[in-house]
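Biologist: Hi, I'm new to this one. Could you walk me through it?
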Amino acid sequence: MDHGKGRGRPRPFSVAAGLAALALAGCGPPDGAVVSEADKASGAEAHSQLLAEFGGEYRGDEAAYVRALGERLAAPAGLSGQCTFTLVNSDVVNAFAVPGCYIYITRGLMGVVNSEAELGAVLGHELGHIVARHSQRQQQRSLLRSLGVFAVGLLTDSPALTQIAGAAAGLFTLRYSRTHEYEADDLGIAYLHKAGLDPYEAADMLDALGRHERHLAATRGADEAHSIPEWARTHPLSANRTRRALDTAGATGLADNGLPENRRPFLAALDGMLYGDDPEQGFVIGRAFAHPGMRIAFEAPESYSLTNSPQAILIEGPGGMRGQFAGGRARGGLEAYTGALLKTLLKGAAVEVRSSTPARVNGLDALLTEATASADGKAVAVTVMAYAAGASTYHFVMLSDPAADAARSLAALFGSFRLLGDAEVRGLRARSIDVVTPGPGDTVRSLAGRMATANPLADFLMLNGLRENARLTPGEPVKLVVAGAR
């Protein structure tokens with residue numbers, strides 16, 4: 001929602017708008033098709049796995065709001081009562097859909113958009129992928145392979161290992177063609193219009209996601225892989241795509257703001273939602289990870305990126321190196337723990353343990369194990385560092401090219417693992433979104449000063465779609481990030 005764009009009249013009709021008119025004319029499923037029983041079964045089977053892998057379901061008023069809005073958009077798509085809309089407990093900015101009309105949106109993405117219509121544009125876009133059966137047309141492979149979990153480079157039958165060898169930081173990696181993305185955009189805008197919401201907000205939604213992408217690149221460094229939001233990885237953004245969305249909205253014949261965007265109801269629903277990492281999953285802050293409950297922390301070297309998930313911290317390093325950090329309970333010491341771990345991870349591969357070296361890291365007993373795993377003529381170097389921390393054991397597992405020299409960066413990663421002190425644990429607090437109404441004397445800078453984030457002003461501007469010189473309107477609500485869960 002950016003009133004500085006000067007969009008006060010229908011856009012001129014264009015080739016893109018002409019093509020979009022086909023979607024606007026009849027935007028239900030092709031030939032009246034419904035979600036097939038086979039799709040429903042595969043989606044239902046994968047649903048719990050996806051939630052366990054990607055953060056779990058975020059419950060509460062925000063989730064109910066997403067479900068209600070999803071159903072409102074599903075009606076013009078011809079899918080009333082056939083879809084499951086889930087708010088995912090992850091700060092990764094993304095939305096995705098799988099066959100069976102299971103549609104997921106992360107709370108990270110919900111926090112970035114600024115109106116009901118913008119959120120509806122996301123849900124409508126994903127419904128468009130379902131109606132057009134893009135996932136089936138794109139990849140005739142199993143669901144897990146479609147989500148990027150299958151490791152092309154290492155042919156074993158271990159789900160745990162293939163997850164690591166896959167795109168670790170690209171949690172939801174079903175990439176569509178440009179044609180498919182445009183088709184989903186057109187359908188989503190049609191559903192938005194027919195649901196009685198401002199179709200021009202689809203372009204504002206794309207602007208919001210692009211703004212988030214640029215913000216992360218500026219505040220975290222353009223060379224940091226994690227600075228690219230998942231939406232930009234899986235649904236590539238471009239200025240042309242935004243212009244095309246405006247043309248498509250113009251094809252409805254409506255003037256901009258001819259239908260409501262419903263900003264206030266959206267912000268009311270958003271108020272109090274968890275922001276950033278869930279303390280129960282620990283905190284990823286740039287290249288550092290800290291968990292207040294487990295009282296542990298580590299930091300990855302430059303050129304590494306971390307992605308939080310309930311099961312493990314997924315790690316990407318230079319030269320295609322990938323891995324994870326996780327933990328468990330040792331039975332019989334670190335050597336037995338590492339042996340059981342390798343047996344589980346390397347199921348189906350021939351394993352040669354090259355060395356196993358005891359170590360002492362920040363006051364903790366540790367064991368460094370280097371091995372090579374081979375299957376079908378392909379080999380990968382596997383490096384495990386395990387630590388004894390009281391009753392718990394933690395480990396890194398890193399996969400790399402056997403010819404690569406990863407020793408130096410892995411030594412820095414492994415040497416950073418440590419226990420947290422009491423003061424550090426107290427400093428790791430949940431944060432939430434607080435929707436406030438500016439008073440007459442409030443300014444962008446005064447409100448930004450109340451942000452509990454590392455880059456208060458930049459974060460405030462990004463979240464609210466404002467410029468630094470913007471003049472706040474008294475009574476017009478804005479988003480803050482505050483310490484403490486609500």
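Biologist: Let me start with a detail: which residue in β15 is the bridge partner of Ile296?
Modeller: Leu419 is the partner of Ile296 there. Keep in mind that we're looking at a predicted model.

Biologist: Thanks! How do β7 and β15 pair, and over how many bridges?
Modeller: β7 and β15, the latter being residues 418-419, run in the antiparallel sense, with two bridges.

Biologist: And what about β6 and β7, in which sense do they pair?
Modeller: Antiparallel, over four bridges, with β6 at residues 288-291 and β7 at residues 296-299.

Biologist: Which residue in the hairpin of β6 and β7 takes a positive phi?
Modeller: Arg295 does, with a phi near 60°. The hairpin has four residues between its strands.

Biologist: Let's switch to helices. At what angle do α5 and α9 pack?
Modeller: The angle is about 125° and the axes lie 7 Å apart, for α5 at residues 116-131 and α9 at residues 178-194. That angle makes α5 oblique to α9. The crossing of α5 past α9 is right-handed.

Biologist: Which residues make that contact?
Modeller: On the α5 side they include Ala117, Gly120, Gly124 and Leu127, and on the α9 side they include Ala184, Leu187, Gly188 and Tyr191. By class, the contact of α5 with α9 has eight nonpolar, seven polar and two charged residues.

Biologist: How does α3 pack against α5?
Modeller: α3, residues 61-74, packs on α5 at about 60°, with the axes 9 Å apart. So α3 is oblique to α5, and α3 passes α5 in a right-handed crossing.

Biologist: Which residues meet there?
Modeller: Among them are Tyr65, Val66, Leu69 and Gly70 in α3, and Leu119, Gly120, Leu123 and Gly124 in α5. This contact of α3 with α5 divides into eight nonpolar, three polar and two charged residues. Gly120 of α5 is listed in the contact with α3, and Gly120 is also listed in the contact with α9.

Biologist: One last topic: why is β1 described as largely enclosed?
Modeller: Because four of the five residues of β1, residues 84-88, are buried, the strand is largely enclosed by the rest of the structure.

Biologist: How do β1 and β3 pair?
Modeller: In the parallel sense, over five bridges, with β3 at residues 102-106. One of those bridges joins Thr84 to Tyr102 in β3.

Notes
Residues numbered from 1 in each chain as written. Predicted model: local features only at pLDDT ≥ 70, side-chain atom pairs only at ≥ 80, totals over all residues. Heavy atoms only, no water. Axes fitted to C-alpha atoms, helices over the stretch in contact; angles between N-to-C directions. Parallel < 35°, antiparallel > 145°, perpendicular 65-115°, else oblique. Left-handed = near helix turned anticlockwise from the far one by under 90°. Contact = heavy atoms within 4.5 Å. Nonpolar A, V, L, I, M, F, W, Y, C, P; charged D, E, K, R; others polar. Pairing = 2+ DSSP bridges. Buried < 20%, exposed > 50% of the residue type's maximum accessible area, 1.4 Å probe, protein only.
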